[in-house]
Amino acid sequence: MNTPTSYRAWLLTDAPTSRNHARLSSFYKGWLSFRSNPMAMFGLGILIALLLIALFAPILAPHDWQAQDLSNRLQPLGTPGHILGTDSLGRDILSRLIEGTQITLYIVTLVALIAPVAGLLVGTVAGYAGGWVDVVLMRITDIFLAFPRLVLALAFVAALGAGIENAVLAISLTAWPPYARIARAETLTIRSSDYIAAIRLQGAGPFRIIIKHIWPLCISSLIVRVTLDMAGIILAAAGLGFLGLGAQPPSPEWGAMISEGRRFILDHWWVATMPGLAIFTVSLAFNLLGDGLRDVLDPKDGDSQ
Amino acid sequence: MAVTDTNRERRRRAPFAKWVKTTLLTLGSIAVTMLGLVFVTFIIGRVMPIDPVLSIVGERASQSTYDAVYLQLGLDKPLIVQFWYYLWDVIQGDFGMSLRTARPVSDDIARVFPATLELATIGVFIGIFLGVPLGVIAAVRRGSWIDQIARVVALVGYSMPIFWLGLMGLLLFYGILGWVSGPGRLGIFYEDIVPTRTGMILIDSAIAGEWAVFRNAFSHIILPASLLGYYSLAYISRMTRSFMLEQLSAEYITTARVKGMSESAVIWRHAFKNIRVQLITVIALSYANLLEGSVLTEIIFSWPGIGSYITTSLLSADMNAVLGGTVVVGLIFILLNIFSDLLYRFFDPRSK
Amino acid sequence: MKTLNTLMKGAALGLALGLMAAPATFAETPSNMLVIAHRIDDLTSMDPAESFEIQGSDASRNMYMKLVNLDPTNLDGGYVAELAESWTVSEDGRTITFTIRDDINFHSGNPVRAEDAEFSLRRAILLDKTPAFILKQFGFTPENVEQTIVADGNTLSITTDKRYATSFVLNCLTATIGGIVDKELVMANEVDGDMGNTWLRTNSAGSGAYRLVSWKPDESLTLQSNPDFHLGAPAMERVIVRHVIESASQRLLLERGDIDVARNLNPEDVAGASNADNVVIHDELRGRLMYAALNQKHPELSKPQVRQAFKYLIDYEGMQNSFLKGQYTTHQNFLPKTYLGAVDENPFSLDIEKAKALLAEAGVDGMELELGVREAQERIEIAQSLQNTAAQVGIKINITVGTSKQILARYRARELDIYVGAWGPDYPDPHTNAGTFAYNPDNSDEANATGLLAWRNGWDTGGLTEMVDAAVVENDRETRAQMYRDIQAQFRETSPFIVMFQLTEQIGRQENVQGLSLGGPITNAAYWNVTK
């Protein structure tokens with residue numbers, strides 16, 4: 001009973017002994033299927049590496065990320081001591097990229113917490129309540145959907161002032177409507193199921209039903225969607241940074257770094273390219289992960305297995 | 001007898017009544033959405049800490065100049081009154097004067113929108129003509145090297161910062177290789193040769209038969225359009241592949257194969273035919289995104305489109321211009337959605 | 001890059017020729033056309049009574065003649081007669097009477113009369129747009145213009161409220177707002193009593209070397225030469241200013257011969273472009289100053305030692321030799337070089353120890369400040385450099401970057417602790433800067449003198465206001481110059497302004513473009529002497 005194989009057998013059982021057992025078992029099966037997808041594992045690997053880099057940023061960075069040295073600026077790739085060169089103020093690009101992982105993770109985490117939750121809330125309430133609540137909420141969703149996204153984000157940041165927190169809010173503001181639509185569609189199919197009818201007969205109130213029974217069923221499709229959207233979120237934050245409305249200097253946000261470096265793109269191309277590659281790598285990782293998760297959690301899409 | 005008559009009449013009238021009702025509902029929902037759009041934009045414009053007066057009078061104006069402009073803009077009136085005035089003008093098609101460009105916003109939009117339309121249309125065509133076949137082939141040859149390449153192409157498209165790719169593309173294809181023309185819509189030698197009819201230079205020059213202008217305009221547009229096209233390709237090919245896989249695993253496909261139908265007939269006449277509807281939605285969405293104007297692409301390529309127009313106006317607190325631009329973009333988004341819904345109904349046998 | 005360039009070109013040649021013949025065929029601009037790349041998104045009006053940004057003023061200088069003007073071939077010579085052939089000053093020094101030339105016509109064919117000059121100056125006061133303050137400082141008001149600005153036959157008299165240095169008045173008339181417009185044409189286009197303002201914002205009605213063909217916002221500005229220009233028809237029949245935002249894009253266009261002049265090249269692209277065979281870099285000293293200002297409403301920043309300490313916290317040398325290289329040089333006085341009374345004394349340099357000592361003397365032990373700067377890359381870098389040096393003495397600076405309008409609004413509301421920005425003179429007289437840096441008659445919040453930099457920073461000028469008042473009415477040139485030198489000597493030591501750099505504009509031009517003047521420190525660009 002204590003050997004690893006029997007754990008495995010326990011997890012892979014067809015006859016779960018408890019609810020938690022069933023949950024763990026299905027989670028494990030999903031993991032096995034996910035693990036067999038090398039691309040998705042590669043993506044996961046990159047993200048774990050990113051997490052570790054962010055955690056140990058101060059130890060990993062070869063230099064102080066804010067230390068300026070005007071006499072040593074725009075050094076090329078492979079300069080001794082500055083493997084990825086230096087920027088316009090003579091700061092070490094590698095150290096700034098490493099420090100920047102924290103900001104990227106911060107943005108991604110916050111948006112991933114705010115936008116889907118807001119969308120979930122609006123979508124499930126609209127779908128479950130129906131009637132005029134549905135009409136009003138969906139109209140609002142449509143309005144935000146019809147807005148040019150970058151303009152909405154820009155306006156929001158311009159109104160509240162530039163900065164990472166406001167950039168996160170602005171991006172969330174533009175990102176929630178699609179989630180609301182997905183959640184509503186899922187809710188509509190779930191609402192009329194016998195399962196919900198049975199719970200309602202047991203006397204559960206609407207909020208309890210939505211939170212305890214409808215949300216869990218919507219979450220898997222949302223997770224997939226969020227992961228696939230992550231790349232877009234990082235790029236949107238970088239876009240705001242590019243326009244000077246994201247992170248404030250001297251913060252090493254990657255988009256702002258590209259923006260700073262784009263002045264030198266013809267002669268000192270690496271200054272903009274290194275953060276560009278960093279953004280690309282992380283976006284790619286999220287996309288690979290999302291593809292893999294979709295196969296596991298949302299097989300009805302029938303995409304690559 | 002009488003009862004049967006009424007019933008018959010009702011039956012005859014029913015589809016018509018239903019049609020009227022659907023139309024009215026659709027129009028009503030457009031109207032409500034548009035109203036909401038105008039309202040939200042208006043509020044954003046008014047709560048912005050960018051001072052519209054300051055953007056007119058500039059840094060060195062005296063207080064009296066400032067006050068005069070403040071009154072002239074009607075900023076002393078309550079918000080709701082200002083909104084009502086604005087709404088009334090918009091309904092009459094008047095978006096007011098742009099503070100920044102010193103001309104009516106409607107004129108500005110008539111100038112900048114065709115630039116974006118031209119770019120987005122070519123972009124989405126590139127996306128369709130390369131993305132759809134790529135998606136279909138990837139689905140048919142699932143797991144093959146071509147599927148892997150298609151996947152990489154799409155993922156790179158999803159993950160690449162557009163401004164970086166744009167700058168690099170400009171450097172390579174214009175700066176180093178010289179294959180295409182640089183930033184802007186037209187070389188200065190070709191400016192003001194063809195009369196403006198549609199505002200889309202490719203079409204205007206074709207109408208006028210000025211092929212030298214056409215070639216020059218084409219060499220300017222091809223790089224930014226390819227860039228946008230690539231992003232749209234990434235999305236379209238991925239979705240096409242996904243839809244096709246779903247169809248190919250369906251029973252009727254197996255049946256068709258068993259009946260001895262050729263593989264290409266199975267793919268194109270059956271499977272592909274059935275994903276047309278979903279594809280239209282995807283393409284419409286992709287087109288709508290491009291029409292919003294890719295601000296960053298427009299900045300890098302000095303392309304005077306609606307995206308950079310709205311952004312520049314927003315940053316200089318030119319709220320009439322922002323409102324006008326947003327309303328137009330929003331309207332297009334909504335219309336494209338309705339258009340794809342209509343096509344959906346037209347093509348999809350189930351919804352008839 | 002160079003070898004790669006050649007290699008790639010060779011390999012690509014066949015394809016390029018085959019694919020698009022168009023760009024390859026026309027590698028240079030026509031000989032009678034000048035094509036300039038410049039950011040023109042700030043441009044909001046072409047009306048000389050309203051226009052106030054560099055791009056509008058550049059175009060205006062080429063479209064409108066003035067009573068007196070500055071000669072691009074001899075900018076040091078100061079103002080010279082243009083539409084006025086001569087002028088006399090009355091006994092009490094308050095009235096200047098100009099005799100108007102009778103041989104000049106507007107582009108419309110209408111003759112230029114004293115009546116047009118009267119109309120143009122009155123119009124500037126009546127419209128009361130932003131630059132109106134340049135003329136209003138002489139006491140002209142909408143109520144009194146009928147008495148103070150009067151045409152009589154072929155003469156025009158202007159009467160100021162008190163005696164000013166004549167050079168001061170005439171210098172102000174060389175500003176954009178002094179442009180003389182065609183009264184008949186403008187009034188024919190009047191709408192709702194706007195004195196033709198709406199029309200003139202997008203059209204021209206002058207007598208200068210060029211007329212406006214079109215202004216497409218965020219796209220281009222096209223001027224057509226005036227064959228009857230009084231100095232002879234300009235060689236460049238067309239001048240096109242194209243809106244190109246990115247420095248890199250401008251450089252690519254220049255190197256490939258698609259434009260003649262690139263006006264917004266950053267130091268790195270200047271260095272890069274100067275290696276191209278066809279490109280020459282043109283340096284011209286301009287009047288724009290880069291400065292930092294300390295808000296005197298802040299209890300610590302208002303201490304004299306703290307103000308002094310900040311002057312030792314700027315890495316003038318380091319910045320000038322790195323990211324500002326070639327474009328900004330250290331200059332620590334509010335009058336730009338070449339102005340009457342300008343001095344070249346730059347006593348401050350980066351000295352952390354001295355700053356520490358001064359702060360200790362003031363009893364300041366670490367503080368946190370907000371610095372506002374607009375989103376222009378070199379300003380952000382100056383701010384970051386200051387942030388870096390200030391951190392070494394225990395001062396934490398938080399940078400807020402915003403659009404120019406946002407930051408400006410907060411600066412004008414006296415909300416920022418530190419502001420980093422630029423200031424350009426409005427007319428070629430020392431009062432243009434003295435009257436804003438060192439002049440603040442009422443420092444109260446209620447005064448709301450948002451146009452004065454001293455007021456914006458809550459600085460009462462410690463007696464400089466009276467000295468500026470005295471200097472502006474002094475008619476002896478040398479005495480007046482000495483007065484400004486004295487004002488600056490005191491200003492340098494006591495003011496909360498840290499004037500850091502003066503701009504040298506670096507543009508890239510095709511080798512064959514000759515005779516382009518950007519206007520030096522005192523005025524704007526002139527295209528009529530350009531040849532190719």
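Residues 119-140 of chain B are 100% helix and 0% strand, and their end C-alpha atoms lie 32 Å apart. Helices here are DSSP runs of H or I with at least four residues, strands are E runs of at least two, and both are numbered from the N terminus. The model is predicted, so local features need pLDDT of at least 70 and side-chain atom pairs count only at pLDDT 80 or more, while totals for chains, interfaces and linings use all residues. Residues are numbered from 1 along each chain as its sequence is written, and chains are lettered from A and ligands numbered from 1 in the order in which they are written.

The span 119-140 of chain B is one of those that an unreviewed UniProt entry annotates as "transmembrane region"; the others are 20-44, 152-177, 217-236, 279-301 and 321-344. UniProt positions are given in the numbering used here, feature names are shortened, and annotations may be inferred rather than shown by experiment. Residues 217-236 of chain B are also 100% helix and 0% strand, with end C-alpha atoms 27 Å apart.

Chain B is split into domain 1 (2-91) and domain 2 (107-351), with bounds from an automatic or database domain assignment. Their contact takes 15 residues from domain 1 of chain B and 12 residues from domain 2 of chain B; two residues are in contact if their C-beta atoms, placed from the backbone, lie within 7 Å. On the domain 1 side, helix 1 of chain B gives the most, with nine residues.

Chain B also meets chain A: 34 residues of chain B are in contact with 33 residues of chain A. Helix 1 of chain B supplies the largest share of the chain B side, seven residues. That side divides into 24 nonpolar, eight polar and two charged residues. Ala, Val, Leu, Ile, Met, Phe, Trp, Tyr, Cys and Pro count as nonpolar, Asp, Glu, Lys and Arg as charged, and the others, Gly among them, as polar.

The largest nonpolar core has 331 residues, and C:Tyr527 is among those that touch the most other members. Such a core is a set of buried Ala, Val, Leu, Ile, Met, Phe, Trp, Tyr and Cys residues joined through C-beta atoms within 7 Å, where buried means 20 or more other C-beta atoms within 10 Å of the residue's own. Residues touched by C:Tyr527 include C:Leu34, C:Pro234 and C:Met236, not counting residues up to four places away in sequence.

Chain C averages a pLDDT (the predictor's confidence in each residue, from 0 to 100) of 90. Over residues 1-26 of chain C pLDDT stays under 50.

Definitions and conventions
Buried ≥ 20, exposed ≤ 12 C-beta atoms within 10 Å, placed from the backbone.
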